[in-house]
Amino acid sequence: LEQYYQSIWRLIGAKYYDESKLNGWETWYDKYKGKLLTVSDLEKALTSMLEAVGDRWTHYTPKDDIERYQARAKNGIVGLGLNIATNPDGTVRVEFLSYASAAWDSNRFRTGDVIKSIQVNPDDRASKMVDVTGMPKKEVEELLQQKVGTKINVVIKHDKIEETVQLTFAPDGPQPIALKALPNGVGYIRLPSFGSNQQSVENLGNAFVEGLAKLDERFKGNLQGLVLDLRGNGGGAVDLAKMIATLFIEKGSFIQEVERTGRN
């Protein structure tokens with residue numbers, strides 16, 4: 001267990017992009033020497049070590065959390081599609097909306113909205129409105145994940161105005177590539193992701209090319225511009241992103257990886 005812990009320590013020490021965030025990193029090497037007796041001990045140690053980096057994209061997900069997510073999905077527990085982050089003052093903001101989710105379909109939320117409070121099962125007299133300011137992000141996320149059919153009130157603030165939005169938890173709808181013909185010869189394509197496996201990458205790539213052909217035909221070969229909508233796109237295969245980028249960038253580099261040493 002110690003060797004595994006130290007291998008993760010070495011990996012981050014050698015590869016993490018911002019070396020300045022690793023100040024005092026050497027102190028973590030022996031921090032748990034002789035203390036890692038169980039897998040649970042190892043997971044707690046890894047969680048603490050990665051939190052010390054201070055980067056929300058660098059974290060360790062314990063096995064129990066993964067199993068809990070899987071069990072919740074199996075039991076019909078879904079999210080609203082509100083992906084959140086915590087501001088320095090403890091307030092909770094909407095980071096982005098998952099496409100075809102209940103929150104997206106409501107057309108009431110925007111990126112940057114502050115979530116003030118949440119009430120699950122508002123029709124239940126025993127239900128109370130919960131102020132989420134200062135609450136750990138994990139606890140807020142659990143409030144935003146409930147069984148299909150459950151109602152929820154979410155109080156948000158934007159443009160200095162507070163608004164209560166009532167939603168019902170439901171599975172996300174299908175995420176097809178969307179096409180529109182806009183005025184002045186401009187086409188619109190919404191791409192939900194760049195694929196999670198080989199089959200989805202191929203399907204999305206083919207649908208994207210076919211969509212371009214349809215728009216070009218719609219404008220009789222006089223397509224003047226194209227809006228590529230990537231809102232809520234969670235990423236995916238680099239190869240598909242490269243293929244699509246070649247349609248927009250005629251020459252030069254469009255992907256560049258910079259190592260910590262400055263090597264391109």
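This is a predicted model: local features need pLDDT of at least 70, side-chain atom pairs count only at pLDDT 80 or more; totals for chains, interfaces and linings use all residues.
## About the model

Local features need pLDDT of at least 70 and side-chain atom pairs count only at pLDDT 80 or more, while totals for chains, interfaces and linings use all residues. Residues are numbered from 1 along each chain as its sequence is written, and side-chain values use heavy atoms, leaving out hydrogens and water.

## Helix α6

Let's start with α6, which covers residues 198–218 (helices are DSSP runs of H or I, at least four residues, and strands are runs of E, at least two, numbered from the N terminus). After the helix comes K220, whose phi is positive, near 55°.

Which residues of α6 are buried (under 20% relative accessible area; exposed is over 50%, partly exposed in between, with a 1.4 Å probe and protein chains only)? They are S200, V201, L204, G205, F208, G211, L212 and L215.

## Salt bridges

The model has ten salt bridges (a side-chain nitrogen of Lys or Arg within 4 Å of a carboxyl oxygen of Asp or Glu). In one of them, E163 pairs with R108, the closest N and O atoms being 2.7 Å apart. E163 lies in strand β8 and R108 in the loop between α4 and β4, so the pair ties together parts that are 55 residues apart in sequence.

How values were computed:
The expected span of a helix is 1.5 Å times one less than its number of residues.
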